[in-house]
Structures are given as C-alpha cells and as structure tokens.
Amino acid sequence: MAVAAEQGHRFGGAWTEVKLDAVSYYCQFFNKVLVGKPTPSRPFERWYFDAFAGSGTRQVDRESGGLLEGRPIEIATQDMAGSVLNALNVEPPFHKLAFIEGHRGRFKSLEKIRAAHPERGIVCLNGDANKKLVEIFSAPPWSDQREGRGSCRGLCFLDPYGMNVNWATLKLLAQTRAIDVWYLFPLDAVSRQLAARLDRVDTHKQRRLDEIFGTPTWREDIYKVETTNDLFAERITTATRQFDRGQIERYAQERLQTIFSAYVSNPLPLLNDSGRQLFSLFCLSNSVSEAAIALIKRGVAGVLKKYGGQ
C-alpha cells in the first residue's frame, strides 16, 4: 500500500537508485537465506533498522514528451519508494522493522506508513539515530543476546545526512555480532573536510573527523608534517595532506576493519552524473559464525556484480 509523504522529500540523483536497489537486493537475499534458520520450528526473528529513514518516499521529476512523442515536453513530479517502502515490500518479509528519523515532518510520514501496516511490527522513533539505536539495543530482545547468540538477527541501513554516524554507533552494531550493516560512507564530504593543509581544518571539522574515523590519529596518518626555515631562519611547521580520495576510502575501510573484524566488504562506489564518486557503500559484519560470513560474502558478491557498474 503506497503512502504519500507528509511533505516533498527530494534528494540524490541516479546514484540514489543504485544505492536503494543494492540494499533492497541484499534485504531480499538476507531474508531468503535465513528462512528456517537455525531450525524451521524456531527460526530467527529478522529485524530491519533504517537509521536515517527519511519520509519513506522521495520525490523525483520525470520528463515526458518532446519531438519523438509529438507533444510538448512536460515535467511531472512523482513519489518514488525509498528504503523504508522497499524494506516493507521484501519477500519473505522482515518480522520487525525500526524506522528512525530526526526531522519531525518526515517522521509524521513514517507514522502514517506504520498506521497503514498495523500487522507488520513497525516501530517509528523520532530523534538522533545514534541515540535511538542505543535505546533499541539496550532493551529486550536485543539486550538478552550475548556475543551473537540469541533469537534475533538484523540488517541495519546507515544512510546518513552527511557525516552523522558516530564511531560509537558502529561499535555498538559490531558488538551485537548479529547485525549485517550497510553503511553509506560519505567519501566526498570527508574528502572536502580534509583540506590540503591541516591548519585549514577547523576545530569543529576535526572533531567530526574524529567521530568518522574513530581515532584522532588520522592527523598523523593522512597528513605529513614538514619543518622548514623561512627567510629569517625561523622554523615553520606545516602538515600537508598526502592522501587522495582513493587512499581516504581505503583508510576508512581499514578503520572499519578494526571493529568489524569478521568482514568488511569492498565498497560499492556511488557516482554522480559527471562520474564523481560521492559515496562508498560498505557491508559490515562481526558475526561469530563462519557459515554466516560465507553467506554474507555471497550476497555482497551478488550486489557488486549487479550494481558495481552503476
């Protein structure tokens, strides 16, 4: 059942379609491989978490008409499914779905979606996704699980508005050892914050980068410190960025591997219309089960093969 957004929610471009299709593909894979596991009589309860859910739909402009159609060009606005509605339409279905959104107007749209699907076990939470995820995993049934052992398994989509995912949130998800995470790493935004010289990265941006990388050592890892003498023989110290965008992406991947030691995928690059990479979509897991990791790798391989060529 389609539900219109409370207000127009416009975002993204062609890369948005790739992102949404890739995550939807994996959602379907996730549910199919877990049906009847660990046993048909006592299967896992499968959860879906959308931490930056938006309104559930998004608006796009579609052009029609023109010379080939023999009529004037017209542009019509259409509501398209976002990650929320895609997750609701996955077959076999998730047992529980948690949608988190900080924007009040978009959250009202999520509540309408929940009301339209009373049988689906939907929870809508309004607020900071980092804090709301802590609330979810601090309460039953998730708080009853230890080291990935328990009745629940989950898939979490982290699709932040900019650089809004805290490192502590990633650690929290890794510590469950029962969540597959799809994380949209904001490569373009991070690259822009990492100015050519460290002294041009202001204090606020440096604190945000500490959260993104989970360490203050990015300053020494990404920047090279050099000391020279000026015309008056005074020593001048400068720190110059040594990493290009590809190296920043690999550095992020290596940092993620420090907490998701079981598996960090190669990234799915998401490009804008001019071919500039905006994001890196990673799949992360810290499952205790080697069989589960093997299945995750198979699912990710399918995603990369199908969508890696944009």
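**Salt bridges in a predicted model**

E135 and K132 both sit in helix α4 (residues 129-137), three residues apart, about one turn of the helix. Helices here are DSSP runs of H or I with at least four residues, strands are E runs of at least two, and both are numbered from the N terminus. The two residues form a salt bridge, with their closest N and O atoms 3.5 Å apart. A salt bridge means a side-chain nitrogen of Lys or Arg within 4 Å of a carboxyl oxygen of Asp or Glu. The structure holds eight of them.

This is a predicted model: local features need pLDDT of at least 70, side-chain atom pairs count only at pLDDT 80 or more, and totals for chains, interfaces and linings use all residues. Residues are numbered from 1 along each chain as its sequence is written, and side-chain values use heavy atoms, leaving out hydrogens and water.

**The pair in helix α4**
- K132 is buried, at 18% relative accessibility (buried is under 20% relative accessible area, exposed over 50%, partly exposed in between, with a 1.4 Å probe and protein chains only).
- E135 is partly exposed, at 42%.

**A link between loops**
- E147 and R177 meet through their side chains in a salt bridge of 3.2 Å, N to O.
- E147 lies in the loop between α4 and β6 (152-158), and R177 in the loop between α5 (167-176) and β7 (179-185), so the pair ties together parts 30 residues apart in sequence.
- E147 is partly exposed at 43%; R177 is partly exposed at 23%.

- The side chains of D210 and R219 form a salt bridge of 2.8 Å, N to O.
- D210 is partly exposed at 23%, while R219 is buried at 18%.
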